[in-house]
Amino acid sequence: MASKLFKLGLGCMRFPRSKAEAERIVLNAIDGGVNYFDTAYIYPGSEKMLGEILAKSGKRADVYIGTKLPLVLCKKPEDFDDYFNKQLARLQTDYVDYYFLHNIGGTAHWKKYCDMGIMEWLEAKKHAGTIRHIGFSYHGSQGDFLEILKAYSWDFTMLQYNYYDENYQAGRTGVEAAAAKGVEVMIMEPLLGGMLATGLPKKAQAVFSAADARKTPAQWALEWLWNQPAVTTVVSGMSGMQVLEQNLTTLQAFEPFSDTRDAVYADVVAEFRKAYKVNCTGCNYCLPCPLGINIPACFAAYNTRYAVGYFSGMFAYVISTAQHREGSNSPRTCNQCGKCEKLCPQHIPIRAEFKTLLRKMEPWYMRAAFAVVRKVMSWM
């Protein structure tokens, strides 16, 4: 049976701070055909803003809301109702269309919450009509994903999947296995935190341009996903009108293609892997750091140095670590607590990567330059 969901969904994690701008994006997305809006309890202000916009516009009944139970915060069965009721209040609704178990990391994680009675609780909510569809977002291994997929009659799942991450986590095997089971497949990180849109290495951009100079890197990335029948909808964090309009235009113009483009994507991935150093998507799950280190921004600057250019990367690094003032938030201040690594869905060895990053981004002469800048700034 064909899905009710539009092929493009709006991810609300990166809503603009301006409510007026967020409202403009949501309403124009609906006018363009978008009918799935993805949020979560732990996305700061997102549920509340989406709820207010839909209530004010009278559009609630025209769309599907997806939100997520914050499993990491649930310590006892009573927490399920506490968080769910807060979410309904924030969203100004009496039901959720797509309700996720948020960020299942593997079978051990899954079993822990099963032992707490999570599935019985979800079934009761579905029977009562306050949850319409039950699913989960996933950040674990492919083998564990296939086991969890078989363990319950899921309605949908959400996976990180793009041409760069084709075999990462659940990968293409997981996507196709879910679709074969009749499970709707939602895609997160279609642009790898924006890196596949605006952060491609110059040589990778050249590969795409040689194949079709009319298409942007973002178009190439989205079309790769829309060309796969197993993909139900692609959830993109469109935090500006320009991006929304570009994505809608890309979808309207999209036509299925044969596998002759596979070689183009393969060449781009090869160039991408040469240039990027850390596979961080900027999801911010590792934050807040107890010491105030902006981990995703540090890695983004580090990658930018190699993919785009030295000065662009160093400028971004100085800003993100506040090296120009006293009390900087440099990775050099890391106390090795490891909290961030436990939360990272990409399983990045953050502490080890910091050591390499510091050798490249903060050699002795840069630290000396930073010290001079801070001294000058103190005189101003």
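## Basis

The model is predicted: local features need pLDDT of at least 70, side-chain atom pairs count only at pLDDT 80 or more, and totals for chains, interfaces and linings use all residues. Residues are numbered from 1 along each chain as its sequence is written, and side-chain values use heavy atoms, with hydrogens and water left out.

Helices (H or I, at least four residues) and strands (E, at least two) are DSSP runs, numbered from the N terminus. Strand β4 is mostly covered, with nine of its nine residues buried (under 20% relative accessible area; exposed is over 50%, partly exposed in between; 1.4 Å probe, protein chains only).

β4 pairs in the parallel sense with β3 (residues 64–69) over four bridges; pairing requires at least two DSSP bridges between the strands. Leu69 has Leu101 of β4 as its bridge partner. β4 also pairs with β5 (residues 131–138), again in the parallel sense, over six bridges. Here Tyr98 stands opposite His133 in β5.

## Largest pocket

The largest pocket holds about 970 Å³ of space. A pocket is an open set of points on a 1 Å grid over the protein atoms alone, with protein on both sides within 12 Å along at least five of seven lines; lining residues have an atom within 4 Å of a point. Its volume is the space filled by probe spheres set on the points, which are joined across faces, edges and corners.

The largest pocket is lined by 34 residues, and Ile42, Cys283, Asn284, Tyr285 and Leu287 are the closest to its centre. α2 (46–57), β4 (96–104), α4 (107–115) and α15 (339–343) each give two or more residues to this lining. By class, the lining has 19 nonpolar, nine polar and six charged residues. Asp, Glu, Lys and Arg count as charged; Ala, Val, Leu, Ile, Met, Phe, Trp, Tyr, Cys and Pro as nonpolar; the others, Gly among them, as polar.

## Second largest pocket

About 730 Å³ of space lies in the second largest pocket. Of its 38 lining residues, Arg14, Leu191, Gly194, Ser236 and Gly237 are the closest to the centre. α11 (241–253) is among the elements that supply at least two residues. α11 gives the most, with five. The lining divides into 17 nonpolar, 17 polar and four charged residues.

## Glu223

Glu223 sits in helix α10 (residues 217–226). Glu223 counts as buried because its relative accessibility is 4%. Beyond residues up to four places away in sequence, Glu223 touches Lys215, Thr250, Phe254, Phe257, Arg261 and Tyr265 (heavy atoms within 4.5 Å).

Technical notes. On a 1 Å grid over the protein atoms alone, a cavity is a set of points where a 1.4 Å probe fits but cannot get out, and a pocket is an open set with protein on both sides within 12 Å along at least five of seven lines; lining residues have an atom within 4 Å of a point.
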